[in-house]
Amino acid sequence: MIKPFARRLGAACLAAAFLAGAAAAQPGKPLRIVVPFPAGGTADILPRVVAAKLRDSFPAGVVIENRTGAGGNIGAESVFNAPPDGETLLASPPAPIAINQHLYRKLSFDPAKWVPVTMIATVPNVLVVNPKLPVRSVPELIAYLKANPGKLSYGSQGNGTTSHLTASMFMQLTGTDMVHVPYKGTAPALVDLVGGQIDVFFDNLSSSLPFHQSGRLRILAIADEQRAQVLPDVPTFAEQKLPAMNAVTWFALVAPPGTPAAKVQATQKAFADALALPDVKRQFAEQGAEPRGWDSARTGQFIQAESAKWAKVIKNANVTLD
């Protein structure tokens, strides 16, 4: 015969087991990915493509949130100060992860403390010119610039952006000089490049590709180690005797300081699996992007190398932002 206390204890254990099972079956909170730049650009499109394939790994869903401003610093700060539970991440191009600490006198977060999760993709930067410019190669452009110092202008997405810094790197490596015309983003710079108001633009491949294909602009070089699959006929800078001219736009996923390694590894694997899907590869190719899915260690090493590279360019060009 079961004594009353034993019956009560058994019932309590059964109830506890039932509640624990019910709790385990409940879906967790959705994964929140902050993109610190406006919707519609490559930085926003790529995470959304991956997010659509993560339903099995995150049953509660994946939410993409755009928090823009201050060169990506506003969105980055919000993630940096979020609970380190692996449920709030930053998906971003280089600025707030590897560059802004060299541009701004003071930041409200420490980029050195980001926890790398994975590299989502890389997109090569390209040298684009107005087709009326009488040059068809990098050596021809360098010769033209040296014969006409300070007469050509180059556009950028704004002061301190990768397009600005890539142009600065080019001028430092070649001993040339152009006039800087900063814009508020890629679109207005491309409009003026097509219209002939500026002569040169260092852009990411995805934005300039349609203009090159239509003949409205001319891409002279790929700033990557290999030619782009979508532009097999356009040589790299290295093939045109400028091997140090290597500049890619990349999109990394990072977590707040203190995020557990197990959370990082699980998320990295989910992203790597999604990035390997044929449909994702196809959609990335349409953006001129190469899917990566690197592990945390490799992503961290790459970010450190990029930060050191751009720090040198920024110092030599004396670029600062408030």
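Trainee: Which residue stands opposite Val126 in S8?

Mentor: In this predicted model, strand S4 covers residues 115–129 and is joined to S8 by four bridges, the two strands running antiparallel. Within that pairing, the residue of S8 that stands opposite Val126 is Ile222.

Trainee: Why is strand S8 largely enclosed by the rest of the structure?

Mentor: Strand S8 spans residues 218–222, and a residue counts as buried when its relative accessible area is under 20%. Strand S8 is largely enclosed because, of its five residues, the number that are buried is five.

Trainee: Which element gives the largest share of the lining of the largest cavity?

Mentor: A search of the whole structure finds one cavity of 30 Å³ or more, and its lining includes Asn125, Gln157, Phe202 and Asp203. The elements that give two or more residues to this lining are helix H6 (162–174) and strand S7 (200–204). The largest share, three residues, comes from S7.

Trainee: Which element gives the largest share of the lining of the largest pocket?

Mentor: The largest pocket has a volume of about 800 Å³, and 36 residues line it, with Phe37, Pro38, Pro93, Gln157 and Thr186 the closest to its centre. Helices H2, H4 and H8 and strand S9 are the elements that give two or more residues to this lining. The largest share, four residues, comes from H4.

Trainee: How many charged residues does the lining of the second largest pocket have?

Mentor: This pocket, with a volume of about 600 Å³, is lined by 25 residues, and among those nearest its centre are Asp224, Glu290 and Arg292. By class, its lining has eleven nonpolar and five polar residues, while the number of charged residues is nine.

Note on methods:
Residues are numbered from 1 along each chain as its sequence is written. This is a predicted model: local features need pLDDT of at least 70, side-chain atom pairs count only at pLDDT 80 or more; totals for chains, interfaces and linings use all residues. Side-chain values use heavy atoms; hydrogens and water are left out. On a 1 Å grid over the protein atoms alone, a cavity is a set of points where a 1.4 Å probe fits but cannot get out, and a pocket is an open set with protein on both sides within 12 Å along at least five of seven lines; lining residues have an atom within 4 Å of a point. Grid points are joined across faces, edges and corners, and a volume is the space filled by probe spheres set on the points. Buried means under 20% relative accessible area, exposed over 50%, partly exposed in between (1.4 Å probe, protein chains only). Two strands pair if DSSP finds at least two bridges between them. Ala, Val, Leu, Ile, Met, Phe, Trp, Tyr, Cys and Pro count as nonpolar, Asp, Glu, Lys and Arg as charged, and the others, Gly among them, as polar.
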